[in-house]
Amino acid sequence: MRKDWEEQEERLLSPLAVKSGQSRGRERAEEECPLRSAFQRDRDRIIHCKAFRRLKHKAQVFIDPKSDHFRTRLTHTLEVMQISRTIARALRLNEDLTEAVALGHDLGHTPFGHAGERSLAAIEPGFRHNRQSLRVADVLEREGEGLNLTWEVRDGILNHSGEGLPQTLEGGIVRLSDRIAYVNHDIEDALACGLISPQSLPRAAVALLGERRSARINVMVLDVIKNSAEKNGIVMSVPVAQAMTELRDFLFEQVYNREEARLEEAQVKTVIADLYAYYAAHAGKLPSEFQKYPAHQAVCDYIAGMTDVFARALHRRLAAEGSLI
């Protein structure tokens, strides 16, 4: 069945698509699955890994929200995956590769959203969640063996954000879909908790993209498809890209950098800094699977993998014991 699927990809996918039978392979050679393609197998490995399950208890933007309906890192990941697959299918690119990259792109994200990432990066300047996502996939999962993903999925995970660009169109889809997803769902969540009002949204952007989240996503997705068809790049038109950037800038000003968010970030910084200092001084207290790595790397890995709930509970326990420096 895998061979049949690979032949079908050759017939039906765009010449610009990555075919699973032409993957650049894995770092460690493995016997092929008789049923699933290489990228389907990567998708399944990601879905079944521990880091993926922990995403449900990691914040997207709002830390410790009072409603169950706010996005978490897991629901964000699923929205990115859905948008990415829609674009990939329309462009006749490889949906399985796109899906695997989307599902794996935030495996290494810290607790407490971007506030947690900034707090950990202040201690470990080289820390970036995209690099940590690849480290989770390459090293930390499967008790230190890693998931042994294909080169294309690893490239897409590493380059979904930051300065590097994905080497596949499928990875490029995820990079842009990530932004489409968070700009729109963060607006919806901010509206739901009363931080912003519909009337406060940038009017020119709303006039072009739409008042509702679903309408804006539809306009953006259709624009990407129209402007990327049969081209060796995943792009938006200038007006739509500018409108999305205007909404993103609005979010930074009115949501991400609001006074309440700065107070939350100060609390997060304390939790992250205290936990880092404790385990840096007591590396022997780390779980056994982390003790094979250099101390600073092990502490960083352990904290980055924590959920919001676990990090808070651990911090409270250590504080109650008088163990924090």
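Cys33 is buried, with a relative accessible area of 9%; buried means under 20%, exposed over 50%, and partly exposed in between (1.4 Å probe, protein chains only). The model is predicted: local features need pLDDT of at least 70, side-chain atom pairs count only at pLDDT 80 or more, and totals for chains, interfaces and linings use all residues. Residues are numbered from 1 along each chain as its sequence is written, and side-chain values use heavy atoms, without hydrogens and water.

The sulfur of Cys33 lies 18 Å from the closest cysteine sulfur, in Cys49, too far for a bond. Cys300 is likewise in no disulfide, its nearest cysteine sulfur, that of Cys49, being 18 Å away. Cys300 is also buried, at 5% relative accessibility. With a disulfide taken as a pair of cysteine sulfur atoms within 2.5 Å, the count is zero.

The protein has 15 helices and zero strands. These are DSSP runs, numbered from the N terminus (helices H or I, at least four residues; strands E, at least two). Of the 325 residues, 54% are buried. The C-alpha trace spans about 65 × 55 × 30 Å along its principal axes.

The largest nonpolar core has 91 residues. Such a core is a set of buried Ala, Val, Leu, Ile, Met, Phe, Trp, Tyr and Cys residues joined through side-chain atoms within 4.5 Å. Helix α9 (residues 169–192) gives the largest share, ten residues. Ile46, Val153 and Ile180 have the most contacts inside the core. Beyond its neighbours within four places in sequence, Ile180 contacts Ile83, Ile217, Met220, Val224, Met236 and Met244 (contact: heavy atoms within 4.5 Å).

The whole structure holds 26 salt bridges, each a side-chain nitrogen of Lys or Arg within 4 Å of a carboxyl oxygen of Asp or Glu. Glu27 pairs with Arg154, the closest N and O atoms being 3.4 Å apart. This pair links the loop between α1 (2–12) and α2 (38–47) to helix α8 (residues 151–158), 127 residues apart. Glu27 is exposed at 61%, whereas Arg154 is buried at 14%.

Asp106 and Arg73 meet in a salt bridge of 2.9 Å, N to O. Asp106 sits in the loop between α5 (95–104) and α6 (113–123), and Arg73 in helix α4 (residues 73–90). Asp106 is buried, with a relative accessible area of 1%. Arg73 is buried too, at 2%. Elsewhere, salt bridges that share partners join Arg36, Arg43, Asp44, Arg85, Arg89, Glu95, Asp96 and Glu99 into one network.
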